Amino acid sequence: MQQIGAHVSAAGGVENTPKRAADIGCNCLQLFSGSPRVWRKTDLANHDVDKMFAEQAKYGVSSIFTHAIYLVNLASDKPELIEKSLATLKYDLAFDALVKGSGVIVHLGSHQGRGWETVREQVATEIKQLLNESSANSTLLIENSAGQNGKLNSDLAEIRWLLDEVDSPKLGWCFDTCHAHAAGYALGEEAKQKDGQDSLIAEPTEVKNVRAETALEAINRLELWSSLKVIHVNDSRDEFGSGRDRHANLGEGIIPQADLKYFLNYSQTKEIPLLLEVPGADKKGPDAKNVSALKQLLED
Ligand SMILES: [Zn+2]
Ligand SMILES: [Zn+2]
């Protein structure tokens, strides 16, 4: 059975997350190991991991994914920011091992106008150092970005490059449907072949990043399946190729439902855990309505 999950709040303690996930129909989840807007973390020993495991068993929640904080930038030119970024990732990797998790999902940051080629070796060196110093039972998962403001890894070839350069079983990646759409990767194969002006690819108004291939074509060409450990399923508020990262509830955004359905039912995709990071009806995060919308997109 495919794992279907969502980002859930860890307010009050990480041991509260399995019930929150189960309450909206999920059997896996994503959480933050602390506040996503601050560097400070509680001592690892303060997490009630035994209670967490008991709650997971009680509610049938298997995989736990940890999302790193948004302040991380491994491509910074400020040594202090890099140090802080490495420290928070080191904590999250230790947390991942502690909760027997399935990986730490991270946005690597922004080159801030300096370009990917300028920063990529620095980033790879930092990741190697980080993984050398972290538990054997932890995994770092690089997430593709929407691309705006010099954000790294909107181009899936950059992820391929990092996987090759770091060359570690502890490194994988996470595909986000909203970010791919924003970065100009169509989710459906049909969109590309459609003639007429209703094809999203044929209408590049204000579009900066339209790719010559779909997301599935790129993943196949770059041989990125075995390292793809999780998929973020989000609709997008912004146009195809916009570069903007604003998530929408499933069916309420710009991504054609047929394309999302096509992507999610591709043979390899069906083996991979899915996580929602949508705003929800009340903007408090993924809700039961979005989880059931996701389940409806999946064919048996
Ligand atoms: Zn995401
Ligand atoms: Zn996003």
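Biologist: Where does E223 lie?
Modeller: E223 sits in the loop that runs between α8 (215-221) and β7 (228-233). Keep in mind that this is a predicted model.

Biologist: What is the phi of E223?
Modeller: It is near 55 degrees, a positive value, and E223 is a residue other than glycine.

Biologist: Is E223 buried or exposed?
Modeller: Exposed, because its relative accessibility is 59% and the cut-off is over 50%.

Biologist: Which loop holds Q112?
Modeller: The one between β4 (103-106) and α4. Phi is positive at Q112 too, near 50 degrees, and Q112 is likewise not a glycine. Its relative accessible area is 47%, so Q112 counts as partly exposed.

Biologist: How do I read the sides of a helix?
Modeller: Start with the general idea. An α-helix has 3.6 residues a turn, so residues three or four places apart point the same way. Now this case.

Biologist: Which residues are buried in α4?
Modeller: W116, V119, V123, A124, E126, I127, L130 and L131.

Biologist: What covers the buried residues of α4?
Modeller: The cover includes two helices, α3 (79-98) and α5 (156-166). It also includes two strands, β5 (140-143) and β6 (171-176).

Biologist: And how should I think about a core?
Modeller: In soluble globular proteins, nonpolar side chains tend to be buried together. Here, the largest nonpolar core has 75 residues. Those with the most contacts inside this core are I127, L140, L156, W173 and F175. The element that gives the most to it is α4, with 7 residues. Another core, of 7 residues, lies apart from it, and C28, I105, L141 and V230 are among its members.

Biologist: What is W173 in contact with, leaving aside its neighbours within four places in sequence?
Modeller: The list is L141, I142, L156, I159, L163, I219, L224, S227, L228, K229 and V230.

Biologist: Last topic: empty space. How is it found?
Modeller: Rolling a probe the size of a water molecule over the atoms shows where empty space is left. In this model, the largest pocket holds about 990 Å³ of space.

Biologist: Which residues are closest to the centre of the largest pocket?
Modeller: H7, F32, Y70, H247 and E277, out of the 40 residues that line it.

Biologist: How many residues of the lining are nonpolar, polar and charged?
Modeller: The lining of the largest pocket has 18 polar, 13 nonpolar and 9 charged residues.

Conventions: Residues are numbered from 1 along each chain as its sequence is written. Chains are lettered from A and ligands numbered from 1 in the order in which they are written. This is a predicted model: local features need pLDDT of at least 70, side-chain atom pairs count only at pLDDT 80 or more; totals for chains, interfaces and linings use all residues. Side-chain values use heavy atoms; hydrogens and water are left out. Buried means under 20% relative accessible area, exposed over 50%, partly exposed in between (1.4 Å probe, protein chains only). Helices (H or I, at least four residues) and strands (E, at least two) are DSSP runs, numbered from the N terminus. Contact means heavy atoms within 4.5 Å. A nonpolar core is a set of buried Ala, Val, Leu, Ile, Met, Phe, Trp, Tyr and Cys residues joined through side-chain atoms within 4.5 Å. On a 1 Å grid over the protein atoms alone, a cavity is a set of points where a 1.4 Å probe fits but cannot get out, and a pocket is an open set with protein on both sides within 12 Å along at least five of seven lines; lining residues have an atom within 4 Å of a point. Grid points are joined across faces, edges and corners, and a volume is the space filled by probe spheres set on the points. Ala, Val, Leu, Ile, Met, Phe, Trp, Tyr, Cys and Pro count as nonpolar, Asp, Glu, Lys and Arg as charged, and the others, Gly among them, as polar.
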